[in-house]
Amino acid sequence: MALTLYVDTARWRAHHKHVQEQFPGLVPVCKGNGYGFGHERLAEEATRLGSDVLAVGTTYEAARIKDWFGGDLLVLTPYRRGEEPVPLPDRVIRSVSSVDGVYGLVGARVVIEVMSSMKRHGISEQDLPQLHSAIENVRLEGFAIHLPLDRTDGSDAVEEVIGWMDRLRAARLPLHTMFVSHLKADELARLQQQFPQTRFRARIGTRLWLGDHEATEYRGAVLDVTRVTKGDRFGYRQQKAASDGYLVVVAGGTSHGVGLEAPKALHGVMPRAKGVARAGLATVNRNLSPFVWGGKQRWFAEPPHMQVSILFVPSDAPEPTVGEELVAHLRHTTTQFDRLVDR
C-alpha cells in the first residue's frame, strides 16, 4: 500500500520532444527532488533526449548524478570561495556570479551569470572590465542570465537580454554561448535571429518535466476505513467527530510531503480571499487535504502523520474500501513517492 506516482509515459515523453523542438539546444534541469521524479529517472530521460548538458542545482547533486548521466553537468548554484570541496569530474561546469569567483576557479570550466532584474546574483556592468584578465585562466563556456517569471512592470524579457548582450559586446567579451532561463520559444527565436553568432541555450525544468499536467497523477492507497458517529473521539489528540462518517487512513504523510506547502504569491482579490478563508478554517482545525474521494477534496480528520493521513469522509459519501486509491493533488517539487508506475 503506497503513495504512487503514475506516469502516462508515452504522453510525458511526447511533451518532452515537443519542448525540445521549440527550444533548440535545450539544457534540461534536474535539481531538488528531481521535480518529483527523482534524479536517476530524469538523468535517464535527458539521455533519451540526446542532451549533451544536464543542469543541476548544487555540487552535491552533481556528485550523485554523475554516475547516471554521461554528458556535461552544469551546476546552477554559483561558486563561492571557501565552499566545501566536492570531488567532481572535469565534465562539470561551474556557474560563477562574481569576478572573485572566476579567479577562484583557475583551470575550471565556468559559466558567468550576469545580474538580471531578478536581483538574485550575478556580475554587474561595473564588473565587466575586470573580467578580461579573470577569464584568461578559466575555460569559459559562456554567459548566463536568469530572468523573472512575471514582469508586472510591463518590461520585455528579450530587451533585457539584448541589453546584456550589448554590454558584453561593448566590453569585448566572448559571446559564443548565452544560457537563458524563463524565455518563451518565440522570444528565444527573436534573440537567435538578432545575434546569429551566439548560441542561445534555454535551461528548462518545470516546463519540460511538468508542463503536461495530464501525463502524471498521484494516488494514495486506502489502508483502513473506520466508521464513526458524531461525538466519537479519535486520533492522537482525541478530537470529537463532528458528524457521522468514516475515518479513512490513506498512504501519504509528511515524509511524502503531504500537508507541506510552499508560500505562494497571490494576485487578485479572489485568490487573496480564498487564502484568508483557508487561514480562518485552519484556526479551528479544518484543513483541506489533497486527496479526492467521491468527486471532492476531503478534509484531514487531523494533521497528517509521518507516512499516512487520516481523512474524514461524511456518511452521505460512498464508503471507501481498503485497497482503493484516492487521487491526490500534490506539488511535484515537494513530494516524495513510494513508487513510480509507468503506464
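Me: Which residue with a positive phi follows α2?

Reply: Keep in mind that we're looking at a predicted model. Helix α2 covers residues 39-48. What follows α2 has a positive phi, near 80°, and that residue is G50.

Me: Where is Y35 found, and is Y35 buried or exposed?

Reply: Most residues other than glycine have a negative phi. Y35 isn't a glycine, yet its phi is positive, near 55°. You'll find Y35 in the loop between β2 and α2. Its relative accessible area is 6%, and buried means under 20%, so Y35 is buried.

Me: And K119, is that one buried or exposed?

Reply: K119 isn't a glycine either, and its phi is positive, about 55°. K119 sits in the loop between β6 and α5. Its relative accessible area is 66%, and the cut-off for exposed is over 50%, so K119 is exposed.

Me: How do α1 and α2 lie relative to each other: parallel, perpendicular or oblique?

Reply: Two packed helices are described by the angle between their axes and the distance between the axes. Here α1 and α2 pack at about 60°, with axes 11 Å apart. Roughly parallel needs under 35 degrees and roughly perpendicular 65 to 115, so α1 and α2 are oblique.

Me: How many residues of the contact of α1 with α2 are charged?

Reply: On the α1 side, T9, W12, R13 and H16 make the contact, while α2 brings R41, L42, E44, E45 and R48. Two of these residues are nonpolar and two are polar, and the number of charged ones is five.

Terms used: Residues numbered from 1 in each chain as written. Predicted model: local features only at pLDDT ≥ 70, side-chain atom pairs only at ≥ 80, totals over all residues. Heavy atoms only, no water. Buried < 20%, exposed > 50% of the residue type's maximum accessible area, 1.4 Å probe, protein only. Helix = DSSP H or I, 4+ residues; strand = E, 2+ residues; numbered from the N terminus. Axes fitted to C-alpha atoms, helices over the stretch in contact; angles between N-to-C directions. Parallel < 35°, antiparallel > 145°, perpendicular 65-115°, else oblique. Contact = heavy atoms within 4.5 Å. Nonpolar A, V, L, I, M, F, W, Y, C, P; charged D, E, K, R; others polar.
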